[in-house]
Each structure stands twice: as C-alpha cells, then as structure tokens.
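Trainee: I would like to learn how to read a model of this kind. Could we go through it one feature at a time?

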Amino acid sequence: MAELAPLRELFDDPQNDWAAYPITAAHRRQLDAFSKLAFGPFTTLHHIGQLLAHLYTAYVYQLTKPHEPDGEEALILLYHRAVAHIQQHYMDEGLNRETVATECNCSVRQLTRAFEGRSVTFNAAVRTLRLHKARELLRKKPDRSIEEIATSLHFTDAKHLANQYRKQFHRSPREERKAISPRK
C-alpha cells in the first residue's frame, strides 16, 4: 500500500465505510486458477506469487477506475434493481414494465432481457408479492371481503385473485380464512 498513494489515503481515511467491490468473472477464473495452483501438484511459491501480484494489480486498477459492469453482469444488476423496485412499489396500480424501466433508467427491452432465464418473471414477481399481501390481509383483517382485497391489490376481480391464490398457496382464500379462524 505504501507504493500507491490513493490506496493509502483510502486506508487511512476514518470516514471510509469500505464498501465491497465486486470482482469480475475474469478475476473469479483467476481465483479458481489460484486454487488449482495452491492445491494441485504443481504448486510453487513462484506461481502463487505471480498470481497474487496479478490479483493485487487488478484490485488496485478497480480502485482507481470506477467499475462499470457490462454484458451479463449489467443484466444481473438490473434484475436486482428491478426486483427491489417491485418490492417497494407492488401496491401501486400503475406498476408495469414501462414504469420499472423508467425508474431503473433502462429500456423496456433491457428490463425484459434482465428477467429472461431467471426463476421469476416480471409478472410473477409482482403477482407473488401481491398474493403474499393478500394472504396477510386475509389473516389480519377477516372483516374485509375477498372482493375488497382483490380490488385493493389490483386483481381484476375476486375470482381472478382466488385462481391465482390457489395456484400459489394450494388453497382458496375462503379455505385460508377457515383454516385460521377460531373454531366454535
């Protein structure tokens, strides 16, 4: 650290919160190579030293130049930003791809590409959050009708909510209410 003044300044700064810097796929491959070198049959101090020097150089380069993800890495970050936005705004009536894309500063196509191949699609993420909220409302507010809950969560009607609810939780909203209500 003594040779690189900016790194020394970062280290000495008491205000620095030392945020984590992600490593790239290339650096992950280098760590894998290091692992093979460290535990493989050709482990030498020279090889390990070269790899550590290369990793240190790459890390210093990351500190001096802001990291701008590209390709798949950028899509992963966009996916997580979009999911976070959906989690915060799932109760908004106008929540759709266009509004989320605007909030994430990307095109609708980029947002669609970010959700491709993931376990949860855009619509499924919104629907799942709304269904969990419906479950919470069914349990905490038994006086509200299923139609009111469906309307407040932006389902087309109670039947639509019931169908989606059954797919998600394997029981209808009425069965949910019966299961949690005290028996007399």
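Trainee: Is glutamate 116 buried, partly exposed or exposed?

Mentor: Buried means under 20% relative accessible area, exposed means over 50%, and partly exposed lies in between (1.4 Å probe, protein chains only). Glutamate 116 has a relative accessible area of 43%, so it is partly exposed. Before going on, note that this is a predicted model, where local features need pLDDT of at least 70, side-chain atom pairs count only at pLDDT 80 or more, and totals for chains, interfaces and linings use all residues. Residues are numbered from 1 along each chain as its sequence is written, and side-chain values use heavy atoms, with hydrogens and water left out.

Trainee: With which residue does arginine 109 form a salt bridge?

Mentor: Side chains of opposite charge can pair when their charged atoms come close. The criterion is a side-chain nitrogen of Lys or Arg within 4 Å of a carboxyl oxygen of Asp or Glu. Arginine 109 pairs with glutamate 116, with 3.2 Å between the closest N and O atoms. The whole structure holds seven salt bridges.

Trainee: Which parts of the chain does the pair of glutamate 72 and arginine 118 link?

Mentor: Helices here are DSSP runs (H or I, at least four residues), as are strands (E, at least two), numbered from the N terminus. The protein chain has 10 helices and zero strands. Glutamate 72 and arginine 118 form a salt bridge at 3.4 Å, N to O. This pair links distant parts of the chain, with glutamate 72 in helix α4 and arginine 118 in the loop between α6 (108–115) and α7 (122–140), 46 residues apart. Glutamate 72, at 47% relative accessible area, is partly exposed, and arginine 118 is partly exposed at 24%.

Trainee: What does arginine 139 pair with?

Mentor: Arginine 139 forms a salt bridge with glutamate 176, the closest N and O atoms being 2.8 Å apart. The two lie 37 residues apart, arginine 139 in helix α7 and glutamate 176 in helix α10. Arginine 139 is partly exposed at 43% relative accessibility, whereas glutamate 176 is buried at 0%. Both belong to a network of salt bridges that links Arg135, Arg139, Arg171 and Glu176.

Trainee: Which residues of helix α10 are buried?

Mentor: In α10 (residues 173–180) they are Pro173, Glu176 and Arg177. Seen down the axis of α10, these fall within an arc of 95° and so line one face of the helix; the arc is that of the directions from the helix axis to the C-beta atoms. The face turned away from the buried side carries exposed Arg174 and Lys178.
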